[in-house]
Amino acid sequence: MTGISRTSADLDPRRRRILFRAWHRGIREMDLILGQFAEAELSTLSEAQLDELETIMGEEDNDLVKWIIGEQPVPAHYQTQMFQRIAAYRPDFDKLPEEMK
């Protein structure tokens with residue numbers, strides 16, 4: 001996956017902003033994880049779930065990717081259903097071309 005494949009035309013401004021932020025993280029691994037999640041789930045999330053997603057997205061990318069791939073334990077305050085849903089969208093990094101690893 002090279003980037004966004006969903007249109008944001010049907011999304012409200014908050015969801016558009018979140019979708020953009022999900023695909024423009026700073027490290028490609030988090031673009032893939034959060035971008036895929038946002039494309040698939042964003043339109044169905046409640047306001048409270050959007051709040052939680054934005055809080056998670058406020059964390060440093062390096063920390064997030066380590067928690068998601070299991071390199072470091074997930075902090076207790078992120079052991080939530082939302083974090084588990086995001087982690088379920090993680091791509092198989094072993095299948096990425098070498099230049100993206």
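Trainee: What makes W67 buried?
Mentor: Buried means under 20% relative accessible area, exposed means over 50%, and partly exposed lies in between, with a 1.4 Å probe and protein chains only. W67 has a relative accessible area of 11%, so W67 is buried. This is a predicted model: local features need pLDDT of at least 70, side-chain atom pairs count only at pLDDT 80 or more, and totals for chains, interfaces and linings use all residues. Residues are numbered from 1 along each chain as its sequence is written, and side-chain values use heavy atoms, with hydrogens and water left out.

Trainee: Where is W67 placed, and which residues does W67 touch beyond four places in sequence?
Mentor: W67 belongs to helix α4; helices (H or I, at least four residues) and strands (E, at least two) are DSSP runs numbered from the N terminus. Contact means heavy atoms within 4.5 Å, and on that basis W67 touches E59, Q72, P73, V74, P75, Y78 and F83, not counting residues up to four places away.

Trainee: Why is the pair of Y78 and F83 called stacked?
Mentor: The ring centres of Y78 and F83 are 6.1 Å apart and the planes are at 25°, so both values meet the cut-offs and the pair is stacked. Y78 and F83 are both buried, and together with W67 they form one aromatic cluster.

Trainee: How do you know that R25 is buried, and where is R25 found?
Mentor: The relative accessible area of R25 is 15%, so R25 is buried. R25 is found in the loop between α1 (13-23) and α2 (28-41).

Trainee: What makes the approach of R25 to D61 a polar contact?
Mentor: A polar contact is a pair of N or O atoms within 3.5 Å; within protein, one must be able to donate a hydrogen and the other to accept it, and residues adjacent in sequence count only if both atoms are side-chain atoms. The side chains of R25 and D61 make such a contact at 2.7 Å. The side chain of R25 also reaches the backbone oxygen of M57 at 2.9 Å.

Trainee: What makes R15 buried, and what does its side chain contact?
Mentor: R15, in helix α1, has 9% relative accessibility, so R15 counts as buried. The side chain of R15 makes a polar contact with that of D12 at 2.6 Å. Leaving out residues up to four places away, R15 touches L42, S43, L45, E47 and L50.

Trainee: Which residues of α3 are buried, and why are they said to line one face?
Mentor: In α3 (residues 47-57), the buried residues are L50, L53, E54, I56 and M57. Seen down the axis, they fall within an arc of 160°, so they line one face of the helix; the arc is that of the directions from the helix axis to the C-beta atoms. Their cover includes α1, α2, α4 (61-69) and α5 (81-87).

How values were computed: Phe/Tyr/Trp six-rings, centres within 6.5 Å; stacked < 30°, edge-to-face > 60°.
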